[in-house]
Amino acid sequence: MSHSGEPRPMTARALGPLRGVAQVPGDKSISHRALILGALSVGETRITGLLEGQDVLDTAKAMAAFGAQVERLGPGEWSVHGVGVGGFSEPAGVIDCGNSGTGVRLIMGAMATTPITATFTGDASLSRRPMARVTDPLALFGCQIDAREGGRLPITIRGVADPVPVRYRTPVASAQIKSAVLLAGLNAPGETVVIEAEPTRDHSERMLRGFGADIRTEVTGEGHVITLRGRPELQAQRVAVPRDPSSAAFPVAAALIVPGSEIRVPGVSRNPTRDGLYITLREMGADITFENEREEGGEPVADLLVRYSALTGVSVPADRAASMIDEFPILSVVAAFAQGATVMNGVAELRVKESDRIDAMAVGLRANGVRVKDTPDSMTVYGMGSVPGGAQVETHLDHRIAMSFLVLGLAAQAPVTVDDGSPIDTSFPDFRPLMQALGADL
Ligand code: S3P
């Protein structure tokens, strides 16, 4: 998505308690992976519950450009006729991944070991983000990469015909780096190995296994060692995408800070590599119950029951950061309504997300009367139980910054405005009607 349209300011103000059922959209990480693995499989993959946000729609379009047959059958229901591992054809045009770091990084990995050439671009936010973290390990397979100054988009990759398998230790905790290397390893002979010091979200590993790849994870003295045997024949699957815990975080947070609220959020993924926010909120005293825990499509899911809660600040350990990396903006909003300081440690990666999220949150919270301390890799929010609000906040093309400050406005003393709510469509297109149906004024 180019975000070339006019900015759409949005304002949130306190009304009454939030009540009802929030059917949040499908998981973004799993949706991207289902389309990509479907395109790399033999046969027809059927996906239900796919997130139809712009990020994922851009990945669907990219898979069609590489030769897969991608069709929308109904709301959230998609069919992908794949071309098999190594079967991608050269796209006719430039691949525009819009706002999506996951989309561009995973797709670059998926095509790097096929002898075709592709050029990738994105919007202003994505064009500022670091790509060398992915292109450096991809170059080890033997492909050629041309990037703009600083390893940024646009990037052209000339895929390699005779790739060599790679053994790679990720320099930062990133599921996108891990996944790009594993997807490239699919079309390399022998074993490709990724070593992670800290475990990151494991959707790629789970789904690769589900599609028939030989992949295993061992915990050794080196860390989490993931080994993939190359050149499998991936078999098309049925994929039921669970609801996104990172999107659920917004109505959950709103219910915790708007007095008198009680909401249910059914069918949310409880994958332990994504669970850090929920652990942290419960440590803060949040009344969240997980009901009807079950497994769906290879992922653990549960129904959430959330009630307004009196919260206390906590210190979030650095080794939990990877399991809640997208949830720090909304945690910092919740922390502003808690009593006492909430310290977020080891969060330097937030500086290279859709925006510099430490800076965006610190500036926006201060403008709304909240005291915040930030360092290169930490942020501390000094909660005082209530928030003055009343400011306009810049969202820097970042959906999670926009949604976080709108949630702040639902419980602040004065309304909060974001300069542009349009990026919300990348991950949570129904955010506004869903929140309104719970009783929110926005
Ligand atoms: C994602 C991984 C994370 C996360 C992003 C989705 C994924 O990024 O922030 O929203 O689907 O693999 P990093 O790998 O850069 O940490």
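**Entry 1: the model.** I worked from a predicted model.

**Entry 2: the ligand shell.** I listed the residues around the ligand and found Ser-29, Arg-33, Thr-102, Ala-173, Ser-174, Ala-175, Gln-176, Arg-201, Ile-325, Asp-326 and Lys-353. Sorted by class, the shell comprises 4 charged, 4 polar and 3 nonpolar residues. I then checked the secondary structure and noted that helix H1 (28-39) and helix H6 (175-185) each contribute at least two shell residues.

Entry 3: I looked up distances from ligand oxygen atoms to polar side-chain atoms. For Asp-326 the distance is 2.6 Å. For Ser-29, a side-chain N or O atom is 2.7 Å from a ligand oxygen, and for Arg-33 the value is also 2.7 Å. The protein buries 96% of the 380 Å² that the ligand exposes when taken alone.

**Entry 4: location of the site.** I compared the ligand position with the pockets, and the space the ligand takes is the largest pocket. I also consulted the domain assignment. The ligand lies between domain 1 (10-26 + 242-438) and domain 2 (28-228), because both give residues to its shell.

**Entry 5: backbone features.** I checked the backbone with a general rule in mind: most peptide bonds are trans, and most residues other than glycine have a negative phi. The peptide bond from Leu-153 to Pro-154 is cis, with omega near -5°. I placed Pro-154 in strand S9 (residues 152-158). Arg-231, which is not a glycine, has a positive phi, near 60°. I located Arg-231 in the loop between strand S13 (223-229) and strand S14 (238-240).

Key
Residues are numbered from 1 along each chain as its sequence is written. This is a predicted model: local features need pLDDT of at least 70, side-chain atom pairs count only at pLDDT 80 or more; totals for chains, interfaces and linings use all residues. Side-chain values use heavy atoms; hydrogens and water are left out. A residue is near a molecule or strand if one of its heavy atoms lies within 4 Å of it. A polar contact is a pair of N or O atoms within 3.5 Å; within protein, one must be able to donate a hydrogen and the other to accept it, and residues adjacent in sequence count only if both atoms are side-chain atoms. Accessible areas come from the Shrake-Rupley method with a 1.4 Å probe; for residues, only the protein chains shown count as cover. On a 1 Å grid over the protein atoms alone, a cavity is a set of points where a 1.4 Å probe fits but cannot get out, and a pocket is an open set with protein on both sides within 12 Å along at least five of seven lines; lining residues have an atom within 4 Å of a point. A molecule sits in a cavity or pocket if more than half of its atoms lie within 2 Å of its grid points. Helices (H or I, at least four residues) and strands (E, at least two) are DSSP runs, numbered from the N terminus. Ala, Val, Leu, Ile, Met, Phe, Trp, Tyr, Cys and Pro count as nonpolar, Asp, Glu, Lys and Arg as charged, and the others, Gly among them, as polar. Domain bounds come from an automatic or database domain assignment.
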